[in-house]
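Hi,

Here's the structure I said I'd pass along. Have a look at it first, then read on for what turned up.

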Amino acid sequence: REGANNGNRFLAARLKGPLGLAEGGATYLEPYGEEQPALWAAFKGRLDGLELSASERDEVVASAREMFELIRLVHGDFEARLGSVEAAGV
């Protein structure tokens, strides 16, 4: 989730103007505002400081891959449902 917050800063910057978002209008995408770079660096530092065994690292990587696959499936389901709605003329 923290990685998404980091990347969302760039999405928010691109969307604010075209969507006419007022100050704070992109808070969902950039909840930390200008503090994001420092918070991201601190988060990465905490992760780097973890002492994990090889099996724990493998478990973390497997869990992350599973999470990203589930997110991909959810997005695919949204796309399919949106296509159905658009085909129905809604």
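First, the surface: the protein exposes about 7,300 Å², and carbon and sulfur atoms supply 60% of that. Keep in mind that this is a predicted model.

On the overall fold, the protein has three helices and zero strands, running α-α-α from the N terminus on. The radius of gyration is 18 Å, well over the 12 Å that the globule rule gives for 90 residues, so the protein is more spread out than a compact globule. Along the principal axes, the C-alpha atoms fill a box of roughly 55 × 35 × 15 Å. Buried residues make up 9% of the 90 residues. As for charge, there are 10 positive and 15 negative ones, and their mean positions sit 4 Å apart.

Now a couple of single residues. Gln36 is in helix α2 (residues 36-48) and counts as buried, at 1% relative accessibility. What does Gln36 touch, leaving aside its neighbours within four places in sequence? Its contacts are Glu2, Asn5, Asn6 and Arg9.

Leu73 sits in helix α3 (residues 54-87) and is partly exposed, with a relative accessible area of 44%. If you want a distance to check against your own copy, Leu73 and Gly20 are 31 Å apart in space, C-alpha to C-alpha, and 53 residues apart in sequence.

Then the salt bridges. Side chains of opposite charge can pair when their charged atoms come close, and the structure holds four salt bridges.

- Glu30 with Lys16: the closest N and O atoms are 2.6 Å apart. Glu30 lies in the loop between α1 (2-19) and α2, while Lys16 is in helix α1, so the pair ties together parts that are 14 residues apart in sequence. Glu30 counts as buried at 17% relative accessibility, being under the 20% cut-off, whereas Lys16 is partly exposed at 33%.
- Glu69 with Arg72: again the closest N and O atoms are 2.6 Å apart. Both residues lie in helix α3, three residues apart, about one turn of the helix. Glu69 is partly exposed at 33% relative accessible area, and Arg72 is partly exposed at 49%.
- Asp77 with Arg81: these side chains meet at 2.8 Å, N to O. They are four residues apart in helix α3, so about one helical turn separates them. Asp77 is partly exposed at 36% relative accessibility, but Arg81 is exposed, with a relative accessible area of 53%.

Cheers

How values were computed:
Residues numbered from 1 in each chain as written. Predicted model: local features only at pLDDT ≥ 70, side-chain atom pairs only at ≥ 80, totals over all residues. Heavy atoms only, no water. Helix = DSSP H or I, 4+ residues; strand = E, 2+ residues; numbered from the N terminus. Rg over C-alpha atoms; globule rule 2.2 N^0.38 Å. Buried < 20%, exposed > 50% of the residue type's maximum accessible area, 1.4 Å probe, protein only. Areas by Shrake-Rupley, 256 points an atom, 1.4 Å probe, with all protein chains shown as cover. Lys, Arg positive; Asp, Glu negative; His and termini not counted. Charge placed at Lys NZ, Arg CZ, Asp CG, Glu CD. Contact = heavy atoms within 4.5 Å.
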